[in-house]
Amino acid sequence: MSPDNSTTFRERLAQAVPADVLPAAEKVFEWVTLHPKAEYVEAGDVLSAFKEADPLQVVAALGFMSSAGILRKKYAVAPRSTHTRLGELFDSIESIPEELEDWKLSRFEKDDAEVYPVFVPSWGRE
C-alpha cells in the first residue's frame, strides 16, 4: 500500500494539505509506507504508532487527503455483539445492506452494527 514515487507523492501531499496539517499528513503517509499489506488506514492506527501526533490534526489530514483523492473514504462494519469487522468495505453508509452476515455466518441488522470510517489509498486498489 505505498505509492510508486514517494517524492512526487510528497509534493502532491504538500499541495493537498494545509501547512499546519502537513506534519500529521506525513505521519499518515509514513504509517501507510510502513504497513504495505494493510487494507486500510484509520486515525487510531496512526495515533497508536506515533504517540506524539495530534489526534485532531491526524483526523484533519485524513479528511484533506480524502478530499484531494489521495485516500478514498470507505466504511467498515462490525456487529455490536462481537466488534469483529467484516472483510468487506462499503463506499457509503447508504450502500451497507440492511441485513449482513458476520464471519460465523450469523445474520445481524445494520441497526445493530458499528460503522467505522476508514481510508484506502487511491493507488493500487479498487
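Student: What percentage of the 126 residues in the protein chain do buried residues make up?

Tutor: Buried means under 20% relative accessible area, exposed means over 50%, and partly exposed lies in between, with a 1.4 Å probe and protein chains only. Here, buried residues make up 37% of the 126. Keep in mind that this is a predicted model: local features need pLDDT of at least 70, side-chain atom pairs count only at pLDDT 80 or more, and totals for chains, interfaces and linings use all residues. Residues are numbered from 1 along each chain as its sequence is written, and side-chain values use heavy atoms, with hydrogens and water left out.

Student: How many helices and strands are in the protein chain?

Tutor: Helices (H or I, at least four residues) and strands (E, at least two) are DSSP runs, numbered from the N terminus. This protein chain has four helices and four strands. Along the sequence the pattern is α-α-α-α-β-β-β-β.

Student: What does the C-alpha trace span along its principal axes?

Tutor: The span is about 45 × 30 × 25 Å.

Student: At what angle do the axes of helices H2 and H4 cross?

Tutor: Axes are lines fitted to C-alpha atoms, for helices over the stretch in contact, and angles run from 0 to 180 degrees between N-to-C directions. Angles under 35 degrees count as roughly parallel, over 145 as roughly antiparallel, 65 to 115 as roughly perpendicular, and the rest as oblique. The axes of H2 (residues 22–34) and H4 (residues 55–67) cross at roughly 75° and come within 8 Å. H2 and H4 are therefore roughly perpendicular to each other. On the H2 side, Ala24, Ala25 and Val28 make the contact; on the H4 side, Gln57, Val58, Ala61, Leu62 and Met65 do.

Student: Which residues does Leu22 touch, not counting those up to four places away in sequence?

Tutor: Contact means heavy atoms within 4.5 Å. Leu22 lies in H2. Leu22 touches Leu13, Ala14 and Val17. Its C-alpha is 9.9 Å from that of Phe64, 42 residues apart in sequence.

Student: Is Phe119 buried or exposed?

Tutor: Phe119 sits in strand E4. Its relative accessibility is 9%, so Phe119 counts as buried. Setting aside neighbours within four places in sequence, Phe119 contacts Tyr40, Val41, Leu62, Ser66, Leu71, Arg72 and Lys73. Glu39 is 80 residues from Phe119 along the chain, yet their C-alpha atoms are separated by 8.9 Å.

Student: Where is Arg72?

Tutor: Arg72 belongs to strand E1 (residues 71–79). With a relative accessible area of 26%, Arg72 is partly exposed.

Student: Where does Lys110 lie, and is Lys110 buried or exposed?

Tutor: Look in the loop between strand E3 (107–109) and strand E4 (113–121). Lys110 counts as buried, because its relative accessibility is 18%. Beyond four places in sequence, Lys110 is in contact with Ile93, Glu94, Ile96, Pro97, Glu98 and Leu100.

Student: Is Gly87 buried or exposed?

Tutor: Gly87 is exposed, with a relative accessible area of 62%. Its place is the loop between E1 and strand E2 (99–101).
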